[in-house]
Amino acid sequence: RHARRRGHQPRPGRDDQAIVDFHAEIIFGSESAWTQEMGFEVHRQKWLSTAQPMSFLSELYASLSDLRTVGEIWHESELPVGYVWATFHEVPEYVFSFVEVRDIAVAQSHRQQGLGTTIMDYTERHALSCGAKALRSEVGTGNAASHGLHLKVGYQPYRVLMEKLLIP
């Protein structure tokens, strides 16, 4: 099985469900341990019952007006199997620009087959062609697969977000 080597830009209406499904898995994988205790399906349903999915899709589609934004979905036999969303950021004070990988996902059925590496390579080539000096990506501490992918393609830890629960 081989997914298309390059994806296509998300299309409003047509790709919304696939993107929302990928994003729900991504955000759950990046959540705190206390949130993960509720389980994926409960978390997903809670998230879907809010205005957040529509807000997320609006932000994603609006960001695509910047030609430097990476928004791609990979398919195999018409089924979505991979997805990436990455936005360009300028830090003029330091004459520095970077691309933030906001979402990257590979369907469970296509993991460990090189699609994640293909998606990250595509994103990196695009970032370089637009003048970015770095790529950044947030990864949940419990998401071993994403950690492994990022390390494999050359990412290094940049920042660590800490949390302490306040329980009376």
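Buried means under 20% relative accessible area, exposed over 50%, and partly exposed in between, with a 1.4 Å probe and protein chains only. You're looking at a predicted model, where local features need pLDDT of at least 70, side-chain atom pairs count only at pLDDT 80 or more, and totals for chains, interfaces and linings use all residues. Numbering starts from 1 along each chain as its sequence is written, and side-chain values use heavy atoms, with hydrogens and water left out.

Start by selecting isoleucine 167, in the segment after helix H6 (144–152); helices are DSSP runs of H or I, at least four residues, and strands are runs of E, at least two, numbered from the N terminus. Isoleucine 167 counts as exposed because its relative accessibility is 68%.

Next, jump to helix H3 (residues 40–48) and pick His43, Arg44 and Trp47, which are buried. Look down the axis of H3: the buried residues fall within an arc of 100 degrees, so they line one face of the helix. That arc is taken from the directions from the helix axis to the C-beta atoms.

Now for the rings. Phe, Tyr and Trp (its six-membered ring) pair if their centres lie within 6.5 Å; planes under 30 degrees apart are stacked, over 60 edge-to-face, the rest tilted. That rule gives five aromatic pairs. Show tryptophan 74 and tyrosine 122: with centres 5.8 Å apart and planes at 80 degrees, the pair is edge-to-face. It links distant parts of the chain, as tryptophan 74 sits in strand S1 (residues 70–76) and tyrosine 122 in helix H5 (residues 115–129), 48 residues apart. Tryptophan 74 is buried at 0% relative accessible area.
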